[in-house]
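Q: I am new to this structure. Please show me how to read it, one feature at a time.

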Amino acid sequence: MAKDKMGDAKAAAKKAWSTRRDRNDQNFPHYFWYFVACAIATFALLRLARLCLVMVRSTRPVRTSRDVEDGPKSARRQASLVERAFRATCAAMNKYTSIVTVPILGYSVGELVVVSSYILTVFVFSFYDTPNSPMGIKAGVGWSNRMGMMSFASLPFVIALAGKNNVVSFLTGVSYERLQFLHKVSARMMLLLSLLHMVGRTIQMKPDVYHRRYVHYGLAALSAGFVIFVVSNRFVMSRRYELFFAIHILMSLVYVVGSWKHYPAEKNYVWPALLLWGLDRFVRLLRVLIFNGLWRFGKYGAEGGSKEFNISIVGQDTLRLEVVKPDFPEWTPGSHAFISIPGSHWLPQGHPFTIASIPPSSYSMPTSQEGRSSPTSDDEGKQARDSMTTNSASTPGCEKGSSSDVLGGSSEDLKESREKSDMVASASSREDWQPPAKKLVFLIKVREGWTKSLRDLVDRSETKAIRNLDRRLRGVLVDGPYSAPDPLDKRYDKIVFISGGSGISWTLPQFLHLLVKSERQGRASVRASKIVLIWIVREFDYIEGIRPELIEAHERMRSCPRMKETFEIKIYVTRSPSLGDKERNLDASVQITNGRPKISEMLEEQLVGERGRKFIGASGPNPLLNEIKSESRKLIRPLSILSGKASEDDGDLIVKTEVFGW
């Protein structure tokens, strides 16, 4: 009788434990998604608040060069303690969350907070209230099932962050490549949860269970995850990207299918992940078909401009690709696109490259005279209108051919650039003016794999270039644009672009866009009183890659004195022993110098003492970007702003970096 009661008690306890475990295993993955949804909603609201703040700030009067030169001498209202505290807090958050980088980890403080919050949340939901089973069942099963459930729950989030067209970027405004750090962390956490699930179940399972099919599927999924983990590093990705790409796609499919077959009851987490992946691929395929003109019936590349391209070698390890895409949408300067060239490699693939050219809309005029931005003064407005109707060839004091001579260009290139400027200027008063063709320019840094194969293909040609209808290639497909930077025309009073090597393809189009817009639409269309482009390059031959754009920029900057005062280009050639007769400036607006600049002195020269909101846009290799961050954060002094010893403008510095590499 006593044994029966004890057996009933054990059965009741086991049933209660099993019910509690099953309930928690189902609920806590849901709680995880509630947390993710709340986090995404919070960042979406912050994005909305930021946009509202930008709109308010853009209504402030444009600071002229005289305001900047006057500096502290200008009469200004003394800020109150509350206002200084607010500005100091904003400066501290800007400095320590986005500019300061954590050693070894490589994350910014803001990224580290996001990563730490995610890891802590996953572990809390994985271990909280996971009771070990009573009455003889081995410990471990209490938390091992939860680990498996949390791994399933993480799958849609990991897949969503991997897509180029994902809902997280759409809601938060953070481009997909800036979410890659979270994609890597969430994927590794998912793999760790799967591993812990296997360990816990191994403790509990009996030997005869190992032969069951669902165990084999689970081991296959876990093995595929480990293969992805091994190849997902900079060493493999920078040297054998094609291998990484093929393994990543194949093993990801094995992991998803293996997880599904391992525990079909959790298919409600698997099919949304597959749906997100398929939707991203479908959208990308649709963009390729439409934007490359392939939707038209007929022979491949017949009317879509897919075979109108030119690839040439510039410098020792750089290719310049020019492709005309009439159906390609308008892009924001600084955006990038994925390039695929059928016939250039055995594995079909797309590689991301920044669009180094500006869209045709940058050359357009306001739709009406009323739509044109109001000048800050009558004299400035008259000067802006005069500059838009006067070509550079008739500007007093300008010597023809100077930019061509120094940059090593031909007279045909200079003539083409001037004809383009004259055409745009003379058409400013015509209502039937049409923008130029949509020509996309890419600078391709030659590395191993696909880029090396493409360079060898071009190098074997007699002219060191491959043009339209070349039989070895079957056209150029472009998927984009992606990752549009925030517009700079109305946000900042001083803008400094710094680039190293091929990073010029990110800074140059933004500089050209502001230059052309200021020339075409008047001074008031661009808020900044000074815009500087600094390029640090190893060899003088690298300048050949952007020579047409430099010639155009020089012709526009010297069109009137106002453009020379606002825009400036500085090029530092670091490895040439001597530039000889090339070591001279085109004029005051374009300077070419031999030697490597000191970042600290360069930033101090450009930013110290400047009033208003300041922006640094940097692109290039990691060592250069880390040095720029290290030196720029020294210019932000929250405590000095709080005490009133420093101007509140000292903390109003935004630094944005674009990494060219893995």
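A: Start with two terms: helices (H or I, at least four residues) and strands (E, at least two) are DSSP runs, numbered from the N terminus, and two strands pair if DSSP finds at least two bridges between them. This is a predicted model, in which local features need pLDDT of at least 70 and side-chain atom pairs count only at pLDDT 80 or more, while totals for chains, interfaces and linings use all residues. Residues are numbered from 1 along each chain as its sequence is written, and side-chain values use heavy atoms, with hydrogens and water left out. The chain holds 21 helices and 13 strands.

Q: In what order do the six strands of the open sheet stand?

A: The order is 11-10-9-8-12-13, and the pairing is parallel. Strand 11 (590–594) and strand 13 (653–659) are at the edges with a single partner strand each, so one side of each has no neighbour in the sheet. Within the sheet, strand 8 (residues 494–500) pairs with strand 12 (residues 614–620) over six bridges in the parallel sense. Ile-495 is opposite Phe-615 of strand 12.

Q: Which strands does helix 20 lie across?

A: Angles run from 0 to 180 degrees between N-to-C directions, and axes are lines fitted to C-alpha atoms, for helices over the stretch in contact (heavy atoms within 4.5 Å). Helix 20 (residues 622–632) lies across strand 8, strand 9 (530–537), strand 12 and strand 13, and runs at about 160° to strand 12.

Q: How is a pair of packed helices described, and what is the case for helix 8 and helix 10?

A: Two packed helices are described by the angle between their axes and the distance between the axes. The axes of helix 8 (residues 213–231) and helix 10 come within 8 Å and cross at roughly 155°. Angles under 35 degrees count as roughly parallel, over 145 as roughly antiparallel, 65 to 115 as roughly perpendicular and the rest as oblique. Helix 8 and helix 10 are therefore roughly antiparallel. Among the residues making the contact are Tyr-214 and Ala-221 of helix 8, and Phe-244 and Met-251 of helix 10.

Q: Which residues of helix 10 are buried?

A: Buried means under 20% relative accessible area, exposed over 50%, and partly exposed in between (1.4 Å probe, protein chains only). The buried residues of helix 10 are Tyr-241, Glu-242, Phe-244, Met-251, Tyr-255, Val-256, Gly-258 and Ser-259. Of the chain's 662 residues, 49% count as buried.

Q: Where is His-30?

A: His-30 is in helix 1 (residues 2–57). His-30 counts as partly exposed, at 34% relative accessibility.
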